[in-house]
Every structure is written in structure tokens, then in C-alpha cells.
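Please look over the two-chain report below. The structure comes first, then the notes.

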Amino acid sequence: MNSLPARYNRSIDWVTVLLYLLMVGVGWLNVYAASYSPDAPDNALSSLSFGQLMNFNWFKQIVWIGTALVLIVVLLVIDPKAYDTLAYGLYGLMIVLLIITPFIARPIAGSRSWLELGPVRLQPAEFAKFITALAVSRYLAGINLRQQSFRDQLVLAGLTLLPPVLIIAANETGQALVFAAFLLAYFREGMSPIILLILAAGAVILILALLVPKLWLLVGFTVLLIIALAANWRTLRHYIPMSLGVWAVVIGMVFGVDFFFNNVLQDHQRKRIEILINPSADPLGVGWNVTQSKIAIGSGGLAGKGFLQGTQTKFDFVPEQSTDFIFCTVGEEWGWLGSMVTIGLFMGLLGRIGYVAERQKSVFGRTYGYCVASIIFFHFCINIGMTIGLAPVVGIPLPFFSYGGSSLWSFTTLLFILLAIDAARKQDLERY
Amino acid sequence: MQYLEGRKYVVQAIFLAVALVFATRLFYIQVLDGSYKLAADRNTLQRIVQTPYRGLIYDRKGQILVQNTPVYDLMVVPREVKQLDTLRFSQLLQLPLEEVREGLQQARKFSRVKASPLVQNLSTQELAAIQDNLIDFPGFSVKARMARSYNTHTMAHALGYVGSITPKLLERPQYSKYQPGEFLGITGLESYYEDQLMGRRGVQYRMVNVRGIEKGAFRDGEYDTLSVAGQDLHLSLDSELQAYAEKLMAGKRGSVVALDPKTGEILAFVSAPMFDPEMLSGKGMGNRYMELLNNPEQPLFNRPLMATYPPGSTFKLINELVALQAGVVTPNTPFACNFKLVRCTHRHEPPSNVGIAIKQSCNPYFYQVMRATVLRGRSSNRFEDARLGLGEWRRQVMKFGLGEKLGVDMGQEKKGLIPSPEFYDKHNGYHRWTYRTVYSLSIGQGELGITGLQMANVMATIANRGWYYTPHFVRGIGSGGPLPEYQVKHTVGVEAQHFDAILPGMVSVVDGNGGTGNNASLADVGISVAGKTGTVQNPHGDDHATFAAFAPAQDPQIAIVVFIENAGFGGNSAAPLAALVIEKHLRGKIAPWRHRWEEWLPGPADRFIKRRRY
């Protein structure tokens, strides 16, 4: 891009931009379908004033998209070095904002996490993602990745965990969970795969503990231990206390699940997990969202009912259908093929971001790239997973698709900071 | 190679794995599993059933008996009720506060967003009183509906009534088309002819949103159907004759069934005590129903169809016909009035032929007639002889439509009982009983159970000399005739000459000197009535009075059976009551000198018992 400031020594990554525009465009079509009301005559729209039009989500989304495009220009005008330089400062500012938000915000849908600036409502938690991504990237760039000290790891953990803790305090658990995505980026930057494996194993054990009778698990894991010891007696005999320890921890988890489930989780969170295990429980209560969401998507068939033809969407059976449950509209009106295109777009974008990240010569750029990919991936995973009953209902949006200014701006910022950094990347090798 | 570049493949694999899981899962729920499509239709498609206009009911002379009038249900959508002033509301509706509260609670339980009825069956006047004020009470609305209204105060048992379908019925497959709260015939003709009266429902498919609000027709009404009004019923009942018979039966328990023997059409059908059909419709119907149900006189009991009694002496006619057909007696066979066999009703001239025996209702005579039928030496074993004989007797008796359902066009009909040899085997033991055990049957007492309708049909058969059409109430459905099963002639396997043989006796019962049924004589107006009195022994109280007849004897146009519980001798009450109904039907008026009967007959049955006669 020739008109860009001279510090950009390369072109902006047009593939990513194209994918971004496609997703925002497709997303808008679905927001339009989700907020479209068959009762409102279309020809009357031209006579409406701007204020009246702002009552329609699809129109507001146009405004959000327009402002997002302005935001992109602003992001590209800023010297990319500033992101590196200002990372900690922004991080500090964000922490302060997260702390004071619950005190000055009005409660909306049970959480005090929205700041109101005139007509615009912003959720600081949305912006915590990219600021944290910048801060941890900056931090990782400043240490020796190959010889991390325990202190380094502790600081990194602190940087990553402080925002979600504050966000949980504001009762936005969904947004806080997103910070788990950073693990994937850390893995790319050298975190031991053991940690990922242990976490995965832990999740599997927790799910098993909820689904399978405890006694079976006790017997099963004990048999597993004996088989493992018997098969590798020569090596493992030296590690018997450790093997027993692992076994004890696993069994402890199995029996600790109930305590965690009943005493740590809040009521609505517990129910969301129960619904995941038994979707038919309470279909008109807590299970309503998931049941209706699956009905909407499932009724789409192979090719969908067609644009604006989704009955479940049109007649408001799916709650939150233009925000968290926007994928229902995709599934119902465009069918399995449309869902595949959407998933394909996400895979394309994630793959491209990975490619862009890998070509960064700086640890900062690469880490940030992976943070971007991981955060988008986490949203993709949980959001679509919950609409088809594979993940608990967690109120996080589908990037670029869901209606809402905060989330669109936040993902746009996240992505275009990466593109700015990418366009300004240096040829020479940095230390890594 | 960059630092740990290989790990990018792991990250990519994780991304792709999740995408693959989603793709598979989506393929399953969107393409393979059809249940979500059905669930989506269940969500948005609302079937609106249009209940058709229910068929009307006319009497024999084309007078309208049952019609439809609009009534109004006060509906409530609990979610839309705002700050209800329950006190004022209950005053407006003129309902107790508690009832309003409870009704609202019920409605809330049913659905917060769907309308449910709070008060049903408001008349136009009642509606007018509240309609203007209804605007002050958001969430309440009025729904118009058609309900039954009656142009007659009689024949409640025959007409039956219409009520909303019960949850229990809804579970049965034959009622699968009915919706909760929909009305259907519960008893009587309303129930038997439900399919014809109901008509065909119209169905419209509408799209609704999550709040149940209509969003237009589904596929422009491609699947919608129109409703077809129900067919009218034209009854054979004569409402004037019916009202007359009901008036005479006032204050008593019992039944009157009058048939046109030539067609099997039922002319009058009285079950006493009576009630007004209006009682089982409209507002407060439930309370009135409970009142009727708990009445010790059991007005809801459909006596002509459901009450089975031993027929008493009227049954002697059947025994004589069976014996004549079997050839074991002739009309001129004499039997002695032998009190050693069985006590006779009274002292009388010797029964030297069947005519005298019928006229005097001689018990020993018919004891011997049936003995001749049963004991015919088929087996040297006297027990087996009685078994075989009774079996053959029963087969012939049942051809008269006794001991099984006649098949009248009304549910609730009882079979009655003509005891079989097996019946006595069970009670007395195999080969432990002889004719002496069962002789009560010869005089119409004992184990016999016969309904009023069955007895009336027997009289029609005798009037026709050996055949009958199954009795029925409906002579025309819509513009067509009766149901095909009522156009089939049934014969009873007794030759016409045998009927001729008993006819003089039956006439002399009424018109002969000293006949038991002299009170039924219409000879003074030139009508010859053939009849038979009966007095049914009742171990629980006073005997029941019965009289069975047809007239005119030569060209019968009406066959009638009157049954009055606890009225003693049949000749005293049942006979004159039958005569009045016969005269009314044949002449359209009553001779002036019988007006005193009209005054005297209505009222309690115990007045008819002057002295006990046998």
C-alpha cells in the first residue's frame, strides 16, 4: 500500500484483509436476517430518520462496521513500534479501568462491566484481550525463551491471570475464560507440552467424573495403574511413589468434582454444565437456549431455508440470536453448506494468521500473532460449540459475526494491530 | 528454521481437529437427524381447528328440538393481566371472589401466554352486562362459540347432552382428532351420532412466533381445509306424544317405550324420573350435573335401555309362541289351573284354551306350557332332558331379540339375561337341576332380565306376526334415510299362524269380560287393543307394574310397553297409562271420559297399590 507511511516497508497482508471483510460482510447479512422482522414493511425504511433506524440492530451494525473501518485507518496510521513501546502502559491503564468499572458501571444483565459514554456502551473486558496480548508478547520478547527462569514464568502467569481475575470479579466469567487461549500461544513459544496434556487429561477426567459413576472410574483408573506398572515394570518400578501419587490425584479429582460442582460454581454455571451433559433436562428453562439453538441449526438441512426464510430465527425462538447465538441464523438459513463456509472462513483466517505470525522476525510479533489466533480460535470453539450443544453456554461472541460494537472493534483492533506489525516487520533476524 | 517452528503444526492440528468435530456434528444434526426439522415445525406451526356447525335435531313432525346458539367464553391471558382489582372484577362477573382467584390460578398453571377460559357459557345477556366494562381489565377477552340449546323440555335421555371432552377420552385413539376443551356428545343420540352431527373440522396452519402470536398463513394456505357442517338428525320421536307420556309418568320411576311396529321407529321413549335437557347445557352445567348424579331417584339412569327386570306375565306370550312353534301344544290344549304346581294370580274359570289362559294370566297353565316345551324326553336322564330342553327353549327365545343387545342407535344398552343351561349348571351344579328348578321362567319371573326396549320390540314382533325392524330413534340423517342396519327385517322363527292363535287372548285381556287389562280398553272409541298385564315380583319392595300392548289389534300402528316401579298390579296403573298413550297417538286426542285418568295417573306410584293381587 503506497499511501501508507514510509515506516511500512511491506504491503499490508491483503489475504487477511479480504478474509476479514468477507467475514464482516457475511456476519452482517446474518445479523440482518436475525434482526429482520417480517412485519416491518421494507419500503417504509427510507422514510425513517437516523434515530429511528438506530432501533434496528442491522442498521446499528452498519454503523459499527463503518466505525470499525475508521478504526482500522487509525490503527494503521499509528507507528507499529508504539504497540511494543506502549504495551505495559496500556496494560496498566486497562487494569485500572477493570478495577474501577464495577464501581461506576450500571448493572446490565447481571454484570457491572459496561461503561457508557453517551450513546456508546463499551466493555473494557473486550479490550483487555488485545492489551494483554500486547503486554505478554512484549514480556516474552524481553526474556530468553530458551532459558526461562521460574521468575519469568511467574511474571508471565501473573500478567495473564490478573485481567481475568478482575473480569470474574465483575461477573463476566465468559470473557475471563477467553484468557485460557493464551496457553496455546505460550505453547508455541516454548511452554512444555506436558502442561497442555495435563490440562487436557484433567478436563477429560472432570467430564468422565460427571458422566460415569464414580465407582467405575475408581476401578478403571486402578486397573489402568496396574496395567501400566505391569507393562513397564522395569522403568516404572523406580517411580512407584510418583505413579501412586498421580493415581491419588486423579481419584481425588474424580471425587472432588462434586465439591467443585456444588460449592464453587454458581447456580447458573452449574446448570449450564448440567445441560451439556443432559440436554433434555429442563428444555423450557435453562435448556431453552441450547434446545432452541440446536432446533434452529438442525432444521437448516443441507442447504438451509434461504436468506430471511429461517422460521426459528424470524419468530424469535432463539434468544440472543444476533449476538451470542448468531451461528443459529447461519445454520438455519444457509444449512450445512453455509456452516461449512463459515467454518472454512475461520480456518482460513486462523491459518493465515498463523502464517503471518510465523513470518515475523521478532518474538513480539510472532507471539502477538499467536495470541490473536488463539483468542479468535477460543471464541470460535466455545461459541459454535455452545450453539450445537458441545460446549457449555458461555456468553462470548462469534468474532466478526456477532452483532455488537464492542466485540467488533475489539477483534478488529486485535487483528489489525497484527497486520500493522506485520507490514512493518524487519528483514533482518532479531534474537529469538 | 525458526525457534520451535514445528509446533505450528501442532497448533494447526488442534484448529483443524475442532473444525472437523464441528463439521461432523453439524452434518449429523443438520443433514442426518430429521428430528430437529420436526421440532422446528412444532415450534412455529400452529394448527387452528375450526369446529364445524353441529347438526340440528328435529322430531318426527319436523319440529326443531336441538339447535345451536352462540355462547361466550371469557378468556384470560395471564401474562397480560395488569394490576387486577379482583374484588371489582368478581363483582362485575357476579362470581364469588374465591372462584375468580382459583380460575386465574388455573389459567396461570395452564399457560402464562396462551388464552384459557375463565368463565364458560356466558349467554348474550350476561355478556352484554360485562362487555362494556371489560376494557378496564387488560388480558381478558371474549370468545364466541356455538353451544346447544333446546326447544323442548322433554326426552333428555334420548337426546343426551354435549359437554367438553374429558382428558381420559382424549387419550383414546378414536378421539385423537379432538382438542382439549372441545365439545362432543356425551350420552344419548348426541353421542351415538357424534360423527354425523360433528361434521368435518376445518384445519388452518398458521405460523406463530415464540410468543404464540400469529404471523400469517403457512405456505399461503396450501394445506388448509374448510370445515363441513354436521348433518341434521330427523328423529322418529313424536315430541307431542313424548311430552304426554312424560306428563303421565311424572312422580314415578319406570319407563315407557312406544314403537311403530311396521318400521321399528321409536315414537316415545320415557325414562322416569325425567329432567329438562336444558339442565345439561350452559353456565353452571357442571353443578347441575352433579345434582342429577347425586339424586337418589337416579334421573340420569336411562331406564328403558339399562334397567333390566324380570318381565312378569307379559313373558307368558313368548312361552306360548315357543311352545306352539315347537308343536308341543295347540291353541286348544287345556291345562288345569293346578295350584300345586304354582300359585295362580287369582281364582278364575278353567283355562280350557290359550285364550282364557292369557286373559286370566293363569300361572299353572303356562307352567305346563313351558314344561311341555322343555321336557320332551330327548334324554332318558331327566336332568339331561331339562338341560337340552332349556337350551333349545333359550335359542328360540333369544331370536326375539332378548338376552342380547338389540342394537338400538344409542349406547348404554344392556343385554338383559335369558338364563342358559350353563347358568344353572354353575349355580346348582351339573345335572343337579330339573324343570322344577327353572319353572319361574314360565311366568316371566326368576332370573330373567329384560329391558323396556326389548319388551316393546317383542310386542312389535307379535303385532307384525313374526318379524321386526331393530328399534331406532333416527329415521333420517341429513337428507338421507336411517342407517342401513335399521332397514333389515329380522324374523324370529315363529310362524305367523301361531301369532294369530294368541291374538284373541290378548284382545280379551283388554276387552274381554274380567280380563286383567280391562283398564286399557279403548273399545269405546272403536280401537281394539291387544295387550298383556304383568306384575313383577320384587323381593326388595312393592311389585313392579307392567303392561305391554299394541293397537289397533288388526292393523297395529303402535306397540307399547309401560313399566312402573313399585306400582303393584300391572292392570291398575300401567294398563290405563298405556291406553292413554295409544289413544293419543292413534286419535290425537283423549275421550272426555278418560280425562280423569289424565288427572289421576301423574304422581307417585304407591297410590296404585290398593291391595296385593297375584
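## Helix packing in chain A

Helix α5 (residues 124-141) and helix α17 (residues 363-387) of chain A pack at an angle of about 145 degrees, their axes 8 Å apart. Axes here are lines fitted to C-alpha atoms, for helices over the stretch in contact, and angles run from 0 to 180 degrees between N-to-C directions. Helices (H or I, at least four residues) and strands (E, at least two) are DSSP runs, numbered from the N terminus. The model is predicted: local features need pLDDT of at least 70, side-chain atom pairs count only at pLDDT 80 or more, and totals for chains, interfaces and linings use all residues. Residues are numbered from 1 along each chain as its sequence is written, while chains are lettered from A and ligands numbered from 1 in the order in which they are written.

The crossing of α5(A) and α17(A) is right-handed. On the α5(A) side, the contact residues include Lys129(A), Ala133(A), Leu134(A) and Arg138(A). They meet a set in α17(A) that includes Phe364(A), Tyr368(A), Cys371(A) and Ile375(A). Contact means that the C-beta atoms of two residues, placed from the backbone, lie within 7 Å. By class, the contact of α5(A) with α17(A) has 11 nonpolar, 2 polar and 2 charged residues. Ala, Val, Leu, Ile, Met, Phe, Trp, Tyr, Cys and Pro count as nonpolar, Asp, Glu, Lys and Arg as charged, and the others, Gly among them, as polar.

## Chain A and its side facing chain B

Chain A has 18 helices and 2 strands. Of its 432 residues, 41% count as buried. A residue is buried if 20 or more other C-beta atoms lie within 10 Å of its own, exposed if 12 or fewer, and partly exposed in between, with C-beta atoms placed from the backbone.

The contact between the chains takes 36 residues from chain A and 31 residues from chain B. On the chain A side, α8 (182-188), α14 (288-298), α15 (311-314), α16 (326-358) and α17 each give two or more residues. The most come from α16(A), with 11 residues. This side of chain A has 20 nonpolar, 12 polar and 4 charged residues.

Why is α14(A) largely enclosed by the rest of the structure? Because 10 of its 11 residues are buried. Among them are Asn289(A), Lys294(A) and Gly298(A). The cover includes α13 (267-277), α15, α16 and α17 of chain A, together with α1 (7-32) and α2 (35-44) of chain B.

## Sheets in chain B

One open sheet has 3 strands in the order β1-β8-β9, with antiparallel pairing. Two strands pair if DSSP finds at least two bridges between them. The edge strands are β1 (45-50) and β9 (214-217) of chain B. Neighbouring strands are turned by 40 degrees against each other on average, direction ignored.

Another open sheet has 5 strands in the order β12-β11-β20-β19-β18, again antiparallel. Its edges are β12 (265-272) and β18 (530-536) of chain B. Here the twist averages 5 degrees from one strand to the next. Helix α21 (residues 574-587) of chain B lies across this set of strands, running at about 150 degrees to β20(B).

| Strand pair | Bridges | Partner residues |
|---|---|---|
| β1(B) and β8(B) | 6 bridges | Gln50(B) and Gly202(B) |
| β11(B) and β12(B) | 7 bridges | Ser255(B) and Ser271(B) |

## Backbone details

A cis peptide bond joins Ala272(B) and Pro273(B), with omega about 0 degrees. Pro273(B) sits in the loop between β12 and α11 (285-294) of chain B. A cis bond also joins Ala551(B) and Pro552(B), with omega about -15 degrees. Pro552(B) lies in the loop between β19 and β20 of chain B.

Phe400(A) has a positive phi of about 70 degrees although it is not a glycine. Its place is the loop between α17 and α18 (405-423) of chain A. Is Phe400(A) buried or exposed? Phe400(A) is buried, with 27 other C-beta atoms within 10 Å.

Key: Left-handed = near helix turned anticlockwise from the far one by under 90°.
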